[in-house]
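Notebook open, viewer open. I want to walk through this fold one piece at a time and jot down what I look up.

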Amino acid sequence: MKNTFEEAKTKFIDYLTRHNLRKTQGRYDILYEIYEIDKHFEVENLYITLRNKNYHISRATIYNTIDLLLDCALIVRHSFGTKAGSYEKAFGINKHDHLINTDTKDVIEFENLEINEIAKKIAKQNNLDFSHYSFTVYGKPITNFE
């Protein structure tokens, strides 16, 4: 059985083929490094990781590849109230949602199957083929002063 990266790479190659786009080692290296990350990441941090691992990939190539990976649903972009987008892999991971502590900007991931089922139901009711959803709750810590 293939691992998650290999399945994602196969999906990426199919996407590149369907859109008559070049299949380059740099694009595959970017995908590989993204699928090695177990948390959210920003493009600049990905660039630093690639540079530290002696990949010779420009920022432009990274940004262009990010756009392709978003389009073929291998990654998702989040905007958790910051200027820089946060990304995470979208293929082969458990569906989850996010709680954002607006004081500390901490991102807490949680799973709730009911939310997932509701999202599927809403998509179906609106004649959409469900692919994914994003649910984010923002809040401040509760403080009890007695």
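**Overall layout**

I started with the inventory: the protein chain has five helices and five strands. This is a predicted model, so I keep that in mind for everything below. Reading along the sequence, I get the pattern α-α-α-α-β-β-β-β-α-β.

Along the principal axes, the C-alpha atoms fill a box of roughly 60 × 40 × 30 Å. The chain has 146 residues, and 32% of them count as buried.

**The α1/α2 pair**

How do α1 and α2 pack, in terms of angle and axis distance? I looked at helix α1, residues 4-18, against helix α2, residues 25-36, and got an angle of about 145° with the axes 10 Å apart. The crossing of α1 past α2 is right-handed.

Then I listed who touches whom. From α1 the contact takes Thr4, Phe5, Ala8, Lys9, Phe12, Ile13 and Leu16. On the α2 side I noted Arg27, Tyr28, Leu31, Tyr32 and Tyr35. Sorted by type, the residues of this contact are nine nonpolar, one polar and two charged.

**The sheet**

What is the strand order in the open sheet? I read three strands in the order β4-β3-β5, and the pairing is mixed. The edges are β4 and β5 (136-139); each has a single partner strand, so one side of each has no neighbour in the sheet. Ignoring direction, neighbouring strands here are turned by 20° against each other on average.

I zoomed in on β3 with β4. Strand β3 (residues 97-101) and strand β4 (residues 107-110) run antiparallel and are joined by four bridges. Taking individual pairs, aspartate 97 has phenylalanine 110 in β4 as its bridge partner. Histidine 98 stands opposite glutamate 109, also in β4. A reminder to myself when reading such pairs: side chains in a regular strand alternate between the two faces of the sheet.

The turn of this hairpin got its own look. There are five residues between the strands β3 and β4, and lysine 105 takes a positive phi near 70°.

**Positive phi in the loops**

I went on to two asparagines with positive phi. Asparagine 20 is not a glycine, yet its phi is positive at about 55°. Where does asparagine 20 sit? I found it in the loop between α1 and α2, the two helices that I had already seen packing at about 145°.

Is asparagine 20 buried or exposed? Its relative accessibility is 71%, and the cut-off for exposed is over 50%, so asparagine 20 counts as exposed.

Asparagine 127 is the other one, with phi near 60°, again positive in a residue other than glycine. I placed asparagine 127 in the loop between α5 (113-125) and β5, and β5 is one of the edge strands from the sheet entry. Asparagine 127 has 73% relative accessibility, so I logged it as exposed.

Terms used. Residues numbered from 1 in each chain as written. Predicted model: local features only at pLDDT ≥ 70, side-chain atom pairs only at ≥ 80, totals over all residues. Heavy atoms only, no water. Axes fitted to C-alpha atoms, helices over the stretch in contact; angles between N-to-C directions. Left-handed = near helix turned anticlockwise from the far one by under 90°. Contact = heavy atoms within 4.5 Å. Nonpolar A, V, L, I, M, F, W, Y, C, P; charged D, E, K, R; others polar. Pairing = 2+ DSSP bridges. Buried < 20%, exposed > 50% of the residue type's maximum accessible area, 1.4 Å probe, protein only.
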